[in-house]
Amino acid sequence: MTMKVLSGNYAQSYAALLARAQVISAYPITPQTSIVEKIAEFVASGELDAQYVKVESEHSALQVCVSAAALGARTYTATSSQGLLLMHELLHWASGMRAPIVMGVVNRAVAPPWNIGADHADTMSQRDTGWVQFYAESNQEVLDTVLEAYRLAEHRDVRLPVMVTEDAFYLSHTVEPVDVPDPATVDAFLPRREPHAVLAPGRATRLGSFTGPDHYVDFRQDVGAAMERVREVLPRVEQEYLALVGRDLGGPLPTYRTEGADVILVTMGTLTTTARGVVDDLRAEGRKVGLAKLRVFRPFPDDELRGLVRDVARIGVVDRSFTFGRMGPAATEVSAALYTAANRPELTSFLAGIGGRDVTPHEVRRMFETLLSGEAPATHWEDIEEEVKADG
Amino acid sequence: MAKLTIPAQELMYSGHAACPGCGPALAMRLLLKGLGPRTILSIPACCWTVIATPYPTTALGVAVLDNPIEATGASVSGLRAAADAMHLKDVEVVGFAGDGGTVDIGLQSLSGMLERRTNAIYVMYDNEAYMNTGVQRSGATPRGAWTTTTPVGEGVRGKPEPKKDVMAIVLAHRPAYAATLNPSFPEDFDRKVERARSIEGPRFFHIFAPCPPGWKFDSAETIALGRLATDSGIFPLYEVVDGRLRITRKTGELKPVTEYLAAQGRFRHLGAEDAARLQSEVRAEWDRLLRRERDDLSGSH
């Protein structure tokens, strides 16, 4: 292992290098660019023996990966925001084709107006495309999760595409020390892909085809069943990663100081680090608060969440994006998961950090206090309501 | 009389779902005869999505990958990248797309594939409208043709705009090889497939593919109509290698376009003025091709 000072974007690039991706395809978009620039350097220097297909759009980038994966290659791409939205059609093709593509996504706001700040609206809009979704909190987690993603995506019981997301700028362009495992260790964890694809030259086969209602539903159910099996495969993959690399990736919903908590805040991505500090402060004051990090958004960790809130009075969910005509998308998901819970805590959807707004410890503290007050509203625009008060 | 050179192997089987007299079916049959069994086809949404028959059957003796309508160029780039990365030998990667999927919605993807010099063959089989969805006009529909979205009435007399020149667009990318092919001339067709196979880099086929229900002619007349198209100069046969154009069929004087127009119901409403206009356009294009061929031969371009 080697300690390197890496941005979240370079953590993606190094993970693709260590995974020995065979076909890379990408189109530039801020703030994803340094990921694919670094990979271009790896390929140019011969460090990475891969075909790097520079395409004329994100739509084509993902099509290149889908077609390359259909023939059996290990593939990598990365994008952000508008690029991910343009890929939308191909996201469905990737999961339907059972293509084990791994994609890095730098979470960025969606236009208009143009904004390049951190915001989860891009990946939240892709919820129903059949991709496993991981949200990373640190650059170390980015690197570890991309490696884990390949094992998971190519697992015989899964065979689905996986996206590993990181918050724009907070991770993509911020450096921190990252432990980069040595290639031999990664090779032991992640051997070369064994293609399951039926597409092979010389064989009269067809991948894709068309069907009537009789067979179509079978294919859709297969994708759904594979997504459900991620729940069983993920812990086994993480066990192996722990044994070989020595890091515990924490499962789909890692928790922090939730023992005996009256209220729990659910966060995603970099907001979690801020909230962890606030939990420490509040616990020091004797307040019974805890934190849960929504690390895997698809498949959604329903059981973990229901177990977590058994003795909890109130839960808050912080969304760095929102759904028009609804509360925050993660809050909506949490709400759905809790419908069948034995104990259903009251729920508040906090909207904060939209379009790259900074979310300070002070604001997170106020979220906890709102929950502890017992008079929490259903939906709360955290930073904006504070701004209105300040202006007023 | 030309020597019969068409390979005996059949990689398109009976039981396919094409209409009787289907030009695209003839195009596929001849193409695969020349390309052989180690072909990987990428097929977007088009007539051939259906002709190849539904899951779990296939009418093709080669590997086929389906792709969305606008992404065939990217798909062949992906297949070629994987074949190279995995060191698969003797694989011919081929995109097989309709005219709408090429000159309209797929133009960007095709341009990308040509510009990045993907070592693959891109085929546009041209039945001159969106036939699989029921005869809507495309950028490749010729001026004056009836389609369901360019109906014939008091105000409109078929498609008002001329056909998009796909070969000019492709040639602007300086491909390794580009040719026009017509299943009505199978020896010329097969020779071009063979020639393309001997060349590396981006290669493009523009294949004439008559559609009996869409063009409104008797399905027994497909071959005859195809011969008429070339011999009247509507669909001249040529190839471009290293930027040098060579016309591969010349028969002295061109036949009048009126014969070609009269053979199809989609042009039934056209008058003498329309025919005269088309005749002069065809004549000008034919003369341009002759000039270009002469210039290329003398190396003066």
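1. Which residue follows α5(B) and has a positive phi? That residue is B:Arg117, with phi near 60 degrees. Helices (H or I, at least four residues) and strands (E, at least two) are DSSP runs, numbered from the N terminus.

2. This is a predicted model, in which local features need pLDDT of at least 70, side-chain atom pairs count only at pLDDT 80 or more, and totals for chains, interfaces and linings use all residues. Residues are numbered from 1 along each chain as its sequence is written, while chains are lettered from A and ligands numbered from 1 in the order in which they are written.

3. In helix α5 (residues 107–115) of chain B, the buried residues are B:Ser109, B:Leu110, B:Gly112, B:Met113 and B:Leu114. Buried means that 20 or more other C-beta atoms, placed from the backbone, lie within 10 Å of the residue's own. The cover over these residues includes α3 of chain A and, from chain B, α3 (72–85), α4 (100–104), β4 (120–126), α6 (166–171) and β6 (202–208).

4. A:Val23 is in contact (C-beta atoms, placed from the backbone, within 7 Å) with residues of both chains, including A:Ala50, A:Val53, B:Gly78 and B:Ala85, leaving aside neighbours within four places in sequence.

5. Chain A has an open six-stranded sheet with mixed pairing, in the order β10-β12-β11-β14-β15-β16. Strands pair if DSSP finds at least two bridges between them. β10 (255–256) and β16 (379–381) of chain A are at the edges with a single partner strand each, so one side of each has no neighbour in the sheet.

6. Strands β14 (residues 314–319) and β15 (residues 346–351) of chain A run parallel, joined by six bridges. A:Gly316 has A:Thr348 as its bridge partner in β15(A).

Methods:
Contact = placed C-beta atoms within 7 Å. Buried ≥ 20, exposed ≤ 12 C-beta atoms within 10 Å, placed from the backbone.
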